Amino acid sequence: MHDVPPEPLDETELLELGPEDAIALAMDLPLDVRFHLGPQVTPIQRAFLDHHGYLVFDRVASEAEVARILDEADQVQARLISEQREAVFGVPIWIGSDPEGEPYLQRLAFTSVFSEFIHEFVRDERFEPVRQLVGEDARVGDREKDGVVLNRYLNHPGSLRPGVGWHTDGLRDVFYNWRMPDPQLNVGLHLHRVRPEQGGLRILPGTHNQGVFSTLFKKPYFVYHRPDPREIAVETWPGDLTVHDGRTWHRVAPNPAEGWPSLRVSMYVPYVTDAYQPKDEHTRPLLYHRLFDVAMRARKRLRA
Ligand SMILES: O=C(O)CCC(=O)C(=O)O
Ligand SMILES: [Fe+2]
């Protein structure tokens, strides 16, 4: 039997709602509601995002596109390994090993610089409403911030990342700018079917509206993995798109399965609104990335 997701919310009668009605309705929706991405982000979608800090869009990419992106990731991996690259534009590449003991690319920044298909895909017309949600003049930052980020999580002894501990994405901005993060939306494409019991993205709804103190200290960044009773599990079908406010607390729960069945791939698209600050081969790594790299290498040694 084909595993199809529940129908996304039918908004055909709700497109003209005023902001107050939209917020009232959004607050009544279940936290695992799935939305349809149409030509515009709707009043309810905006209200849900404002209130809870995230949105899940039903299968925005087709099965063929999902397969192609996974394939592109393998090709980019082959190229980076043959070139013995350790970093791209100052951001370290994380290569662990796969269940067969072969090198396995687990996090790559600036992916769209290496894949023409992905470069085109992230600019497709269907994402236009998401781009506009970020800002009227927002652009895809292929060479800015960390560019298009590809994550491949695996649970097995040679893996560098079965998941990610609790964090907000705002911390990175603190490192980039040495100030509190501005509102910022992160847009992720999910390439696998992930049931709640298979781990995956966990979000603490509403935490984007917390104060500075909670943003920094609510949980210990990245090292803390324990489930939170208020977290929601983002269940995904291949091709789903999520938008989350970078200030919300979230984590990636490891898949308890081991080896290839635990594989989960996500791809995050950076929409940038600030002044153009492209990176290149001469960009020096940030302290933020260097700290991560040290942690990753330590983990690799411990597991080796
Ligand atoms: O893989 C995901 O869905 C989330 C990854 C994440 O939170 C991050 O890299 O900051
Ligand atoms: Fe994150």
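## Overall build

Of the chain's 304 residues, 41% count as buried. The model is predicted. The chain holds 8 helices and 15 strands. Its radius of gyration is 19 Å, close to the 19 Å that the globule rule gives for 304 residues, so the chain is as compact as a globular protein of that length.

Along the principal axes, the C-alpha atoms fill a box of roughly 55 × 50 × 40 Å. Contacts reach across the sequence. Take those between residues at least 6 apart: 83% of them join residues at least 24 apart.

## The nonpolar core

How many residues does the largest nonpolar core have? The count is 60. Leu-55, Val-148, Val-187, Val-243 and Met-267 have the most contacts inside this core.

Look at Val-148. Leaving out residues up to four places away in sequence, Val-148 touches Met-267, Tyr-268, Val-269 and Pro-270, among others. Its partners also include Phe-110, Thr-111 and Ser-112.

Is strand β5 enclosed or open? In β5 (residues 103-108), 5 of the 6 residues are buried, so the strand is largely enclosed by the rest of the structure.

Strands of a sheet pair through backbone hydrogen bonds, either parallel or antiparallel. Strand β4 (residues 94-97) runs antiparallel to β5, and 4 bridges join the two. Ser-97 has Pro-103 in β5 as its bridge partner. The hairpin of β4 and β5 has 5 residues between the strands. There, Gly-101 takes a positive phi near 90°.

β5 also pairs with strand β7 (residues 149-155). This pairing is antiparallel too, over 2 bridges. Here Arg-107 has Asn-151 in β7 as its bridge partner.

## A four-stranded sheet

Another group of 4 strands forms an open sheet. Their order is β8-β13-β10-β11, with antiparallel pairing. β8 (164-167) and β11 (232-233) stand at the edges, each with a single partner strand, so one side of each is left without a neighbour in the sheet.

Strand β13 (residues 250-253) pairs with β8 over 2 bridges, in the antiparallel sense. Val-164 stands opposite Val-252 in β13.

## Around ligand 1

Which residues surround ligand 1? They are Asn-151, Val-164, Asp-169, Gly-188, Leu-201, His-250, Val-252 and Ser-266. By type, this shell divides into 3 nonpolar, 4 polar and 1 charged.

Some of these names have come up before. Asn-151 is the bridge partner of Arg-107. Val-164 and Val-252 stand opposite each other.

Definitions and conventions
Residues are numbered from 1 along each chain as its sequence is written. Chains are lettered from A and ligands numbered from 1 in the order in which they are written. This is a predicted model: local features need pLDDT of at least 70, side-chain atom pairs count only at pLDDT 80 or more; totals for chains, interfaces and linings use all residues. The radius of gyration is taken over C-alpha atoms; the globule rule is 2.2 Å times the number of residues to the power 0.38. A residue is buried if 20 or more other C-beta atoms lie within 10 Å of its own, exposed if 12 or fewer, and partly exposed in between; C-beta atoms are placed from the backbone. Two residues are in contact if their C-beta atoms, placed from the backbone, lie within 7 Å. A residue is near a molecule or strand if its C-beta atom, placed from the backbone, lies within 6 Å of it. Ala, Val, Leu, Ile, Met, Phe, Trp, Tyr, Cys and Pro count as nonpolar, Asp, Glu, Lys and Arg as charged, and the others, Gly among them, as polar. Two strands pair if DSSP finds at least two bridges between them. A nonpolar core is a set of buried Ala, Val, Leu, Ile, Met, Phe, Trp, Tyr and Cys residues joined through C-beta atoms within 7 Å.
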